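Open the structure in your viewer and keep the selection tool ready. We will go stop by stop.

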Amino acid sequence: MTEPTVTDATNRIYESLHADNADIDTHIASLKAAMAREGVKEAVFDPAKISQNNRSGRKLMQAYFRQRGVTVKFAGA
């Protein structure tokens with residue numbers, strides 16, 4: 001089985017966010033591992049693809065991911 005890329009892991013997180021955060025911690029761990037393999041320092045998300053696309057939702061997402069060791073930025077922000 002191949003390891004997911006950052007893009008694959010990011011897409012799984014979008015799916016998880018729309019499925020009421022199902023397995024979100026597992027997907028965050030996969031993203032963190034993919035970022036380490038690819039040398040990426042921060043995850044970039046499209047705010048239009050997240051379920052809570054307002055300032056408080058984005059800040060909550062950033063805080064949750066930061067607690068798990070992933071820095072989140074939003075495209076166009």
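**Stop 1: Ser16**

Select Ser16, which sits in helix 1. Helices here are DSSP runs of H or I with at least four residues, strands are runs of E with at least two, and both are numbered from the N terminus. This is a predicted model: local features need pLDDT of at least 70, side-chain atom pairs count only at pLDDT 80 or more, and totals for chains, interfaces and linings use all residues. Residues are numbered from 1 along each chain as its sequence is written, and side-chain values use heavy atoms, with hydrogens and water left out.

Is Ser16 buried or exposed? Ser16 counts as buried because its relative accessibility is 2%. Buried means under 20% relative accessible area, exposed over 50%, and partly exposed in between (1.4 Å probe, protein chains only).

Now show what Ser16 touches. Leaving out residues up to four places away in sequence, the list is Asn21, Ala22, Asp23, Ile24 and His27. Contact means heavy atoms within 4.5 Å.

**Stop 2: the nonpolar core**

Next, select Ile13, Leu31, Phe45, Met61, Phe65 and Val70. Of the 18 residues in the largest nonpolar core, these touch the most other members. Helix 1 (6-18), helix 2 (24-38), strand 1 (43-45), helix 3 and strand 2 (72-74) each supply at least two residues of this core. Such a core is a set of buried Ala, Val, Leu, Ile, Met, Phe, Trp, Tyr and Cys residues joined through side-chain atoms within 4.5 Å. In soluble globular proteins, nonpolar side chains tend to be buried together.

Zoom in on Ile13. Beyond residues up to four places away in sequence, Ile13 touches Ile24, His27, Ile28, Leu31, Phe45 and Phe65.

**Stop 3: the largest pocket**

Select Leu17, Asp20, Asn21, Ile24, Ile50, Ser51, Gln52, Gly57, Leu60, Met61, Tyr64 and Phe65. They line the largest pocket. On a 1 Å grid over the protein atoms alone, a pocket is an open set of points with protein on both sides within 12 Å along at least five of seven lines; lining residues have an atom within 4 Å of a point.

Which helix gives the largest share of the lining? Helix 3 (residues 55-67) does, with five residues.

**Stop 4**

Gln62 counts as buried, because its relative accessibility is 16%.

Move to Ser30 in helix 2. At 24% relative accessibility, Ser30 counts as partly exposed. Ser30 contacts Pro4 and Ala9, leaving aside neighbours within four places in sequence.

**Stop 5: the salt bridges**

How many salt bridges are there? The count is two. A salt bridge is a side-chain nitrogen of Lys or Arg within 4 Å of a carboxyl oxygen of Asp or Glu.

Select Arg37 and Glu3. Their closest N and O atoms are 3.5 Å apart. Arg37 lies in helix 2 and Glu3 in the segment before helix 1, so this pair ties together parts 34 residues apart in sequence. Arg37 is partly exposed, at 44% relative accessible area. Glu3 is exposed, at 53%.

Finish with Asp25 and Arg68. Their salt bridge has its closest N and O atoms 3.0 Å apart. Asp25 is in helix 2 and Arg68 is in the loop between helix 3 and strand 2, 43 residues apart.

Terms used:
1 Å grid on protein atoms, 1.4 Å probe; cavity = no way out; pocket = protein on both sides within 12 Å on 5 of 7 lines; lining within 4 Å.
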